[in-house]
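Reader: Please take a close look at one part of this structure for me. I would like the contact between the chains, and then the charged and aromatic pairs inside them.

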Number of protein chains: 2
Amino acid sequence: MKTISENRAFGGVQGVYSHASDACGCDMTFGLFLPQEAERDPVPVLWYLSGLTCTHENAMVKAGAQNWAAEAGVALVFPDTSPRGAGVANDAAFDLGQGAGFYVNATEAPWAPHFRMWDYVTEELPRLLFSAFPLAQERQAITGHSMGGHGALTVAMSFPGRFRSVSAFAPICHPTGSDWGRKQFTAYLGPDEAKWAGHDATLLMRRRGFDGPILIDQGASDQFLDLLRPEALSEAMAVRRQEGSFRMQKGYDHSYFFVASFMEEHLGFHARALYD
Amino acid sequence: MKTISENRAFGGVQGVYSHASDACGCDMTFGLFLPQEAERDPVPVLWYLSGLTCTHENAMVKAGAQNWAAEAGVALVFPDTSPRGAGVANDAAFDLGQGAGFYVNATEAPWAPHFRMWDYVTEELPRLLFSAFPLAQERQAITGHSMGGHGALTVAMSFPGRFRSVSAFAPICHPTGSDWGRKQFTAYLGPDEAKWAGHDATLLMRRRGFDGPILIDQGASDQFLDLLRPEALSEAMAVRRQEGSFRMQKGYDHSYFFVASFMEEHLGFHARALYD
């Protein structure tokens with residue numbers, strides 16, 4: 001593992017590191033914020049999965065999360081959103097290929113050799129992080145924005161007991177029912193829709209739900225509402241009597257200004273679960 | 001004036017606007033955050049002047065200031081750092097030309113026709129802002145980072161009574177005594193050092209000081225300490241018995257992580273002065 005940069009931030013350290021990834025077959029870069037408390041003891045950790053076009057860096061510099069993470073004594077992990085590099089397949093569209101891994105293991109050409117973001121964020125990167133940094137494996141939570149909200153919700157529901165809480169900002173809620181999903185799942189997973197079901201937060205909510213609290217914020221003026229399908233997940237949460245809140249925030253759009261505006265409340269939500 | 005974008009943020013609006021600038025002879029872009037309170041009444045305003053290589057956008061998305069501005073009911077203005085465009089002179093170095101206006105009115109070729117950032121931030125942009133937006137002209141404060149800290153300090157000391165308070169993050173403190181200053185002042189203002197004195201915070205502090213409180217934060221691990229010359233200004237402040245604080249922050253560097261880490265305290269400092 002290579003240290004790209006380390007900056008003092010809010011009493012802790014905002015680091016950026018790269019490593020050779022077996023899952024993705026390329027070098028991967030991630031951000032990690034460690035609060036001051038990590039100098040003495042392992043600290044709880046909040047995963048932040050990013051959205052389309054993002055790298056590890058966007059949320060790290062624009063979401064304003066470190067302030068609240070420092071206050072709560074919680075670490076933040078910012079993984080990249082796809083494999084990258086000259087030898088990695090790509091597409092001219094912003095919502096397929098590099099920057100758009102959708103947190104699945106691709107089985108189809110030309111994506112299968114590298115696009116294994118599910119294994120990367122659920123197996124390889126956790127193993128690396130918990131061996132290399134003072135993080136408390138039994139105190140994890142997860143959040144994300146847009147495509148990363150989709151990732152956070154599907155990962156959280158697929159590993160019962162691993163995460164104390166899950167939240168999302170404007171998540172892709174029902175990818176099997178919209179063009180942010182059908183297009184990518186066809187490309188990455190093939191045409192058999194049965195293989196898509198494990199990567200759709202609404203379907204997972206209908207089938208099993210999450211064994212902890214959920215917090216979802218959605219901007220009412222989001223330019224991508226038709227692609228996100230929040231109503232599908234909101235209904236599924238209510239039908240299941242899922243513990244949690246789905247909040248429609250008047251006037252907010254899909255940007256990081258929206259994410260930053262509600263970051264304090266999300267960090268507070270996770271901190272309560274992590275220290276319970 | 002043209003609206004480039006408006007995003008709901010922290011209950012207010014983060015806008016980006018452009019306009020034809022007489023001072024700079026080109027179109028100029030700025031960011032303006034208006035807190036929710038501006039929907040009803042004029043609000044106090046904090047100017048944020050940015051550093052080398054920055055546009056209006058960097059601090060707007062990376063400094064985390066809107067959260068605290070919203071809490072305090074204070075507007076934020078983010079001007080650009082130089083004139084820009086194909087017809088505007090430039091230099092290959094990152095610290096001269098576009099992105100490096102140094103908040104002076106250039107008198108020398110090839111800079112004189114456009115590089116009039118002093119007039120822009122002290123006359124033209126204020127006139128535009130106070131006519132177009134609900135801002136309280138009698139409640140202004142100013143801050144900045146690096147080259148923008150230099151701008152904030154020199155502007156504040158040059159217009160007694162205009163600003164209630166001034167702060168800076170890692171400001172260029174003594175440009176006539178370092179290569180972040182001598183090089184640019186020679187290019188923009190010519191070799192006569194007498195013309196430089198009005199743009200050196202340390203010299204202005206020795207000569208007249210500021211008629212209000214000053215807050216300066218400087219990272220002790222800043223990679224540019226030798227160019228910033230904080231010791232010169234710190235000494236001058238102490239000699240003058242200037243009301244204010246000069247704080248050396250252990251472990252912090254020159255990045256926006258440093259700026260963001262202390263933004264809450266700077267907003268609080270200015271809010272106290274603005275509502276006094």
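Author: What follows covers the interface, then the salt bridges, then the aromatic rings.

The model is predicted. Start with the interface. The contact takes 23 residues from chain B and 23 residues from chain A. Together the two chains bury about 1,700 Å². Carbon and sulfur atoms give 60% of that area. On the chain B side, B:Arg8, B:Phe10 and B:Phe257 supply 37% of the area buried against chain A, more than any other three residues.

Now the polar side of the contact. Between chain B and chain A there are zero salt bridges. Polar contact is present, with nine residue pairs counted, both partners at pLDDT 80 or more. Four elements of chain B each supply at least two residues to the side that touches chain A: β1 (2–9), α1 (57–62), α2 (65–72) and α9 (256–274). The largest share, five residues, comes from α9(B). By type, this side of chain B divides into nine nonpolar, eight polar and six charged residues.

Next, the salt bridges. Side chains of opposite charge can pair when their charged atoms come close. The count over all chains is 16. A:Arg8 pairs with A:Glu39, with the closest N and O atoms 3.8 Å apart. A:Arg8 lies in β1 of chain A and A:Glu39 in the loop between β3 (26–34) and β4 (43–49), so the pair ties together parts 31 residues apart in sequence. A:Arg8 is partly exposed at 24% relative accessibility, whereas A:Glu39 is exposed at 57%.

In chain B, B:Asp80 and B:Arg84 meet at 2.6 Å, N to O, in a salt bridge. B:Asp80 is buried, at 4%. B:Arg84 is partly exposed, at 26%.

Another salt bridge joins B:Asp217 to B:Arg247, at 2.8 Å between the closest N and O atoms. B:Asp217 sits in β8 (214–219) and B:Arg247 in β9 (244–249) of chain B, so this pair ties together parts 30 residues apart in sequence. B:Asp217 is buried, at 0%. B:Arg247 is partly exposed, at 23%. In chain A, A:Asp217, A:Arg247 and A:Glu265 are linked in a network of salt bridges.

Last, the rings. The structure holds 29 aromatic pairs over all chains. One of them is B:Tyr252 with B:Phe258: the ring centres are 6.1 Å apart and the planes stand at 50 degrees, so the pair is tilted. B:Tyr252 is buried at 6% relative accessibility, and B:Phe258 is buried at 0%. In chain A, one aromatic cluster is formed by A:Phe169, A:Tyr252, A:Phe258 and A:Phe262.

Conventions: Residues are numbered from 1 along each chain as its sequence is written. Chains are lettered from A and ligands numbered from 1 in the order in which they are written. This is a predicted model: local features need pLDDT of at least 70, side-chain atom pairs count only at pLDDT 80 or more; totals for chains, interfaces and linings use all residues. Side-chain values use heavy atoms; hydrogens and water are left out. Contact means heavy atoms within 4.5 Å. Buried area is the accessible area (1.4 Å probe) that two parts lose on being put together, summed over both. A salt bridge is a side-chain nitrogen of Lys or Arg within 4 Å of a carboxyl oxygen of Asp or Glu. A polar contact is a pair of N or O atoms within 3.5 Å; within protein, one must be able to donate a hydrogen and the other to accept it, and residues adjacent in sequence count only if both atoms are side-chain atoms. Ala, Val, Leu, Ile, Met, Phe, Trp, Tyr, Cys and Pro count as nonpolar, Asp, Glu, Lys and Arg as charged, and the others, Gly among them, as polar. Rings of Phe, Tyr and Trp (its six-membered ring) pair if their centres lie within 6.5 Å; planes under 30 degrees apart count as stacked, over 60 as edge-to-face and the rest as tilted. Buried means under 20% relative accessible area, exposed over 50%, partly exposed in between (1.4 Å probe, protein chains only).
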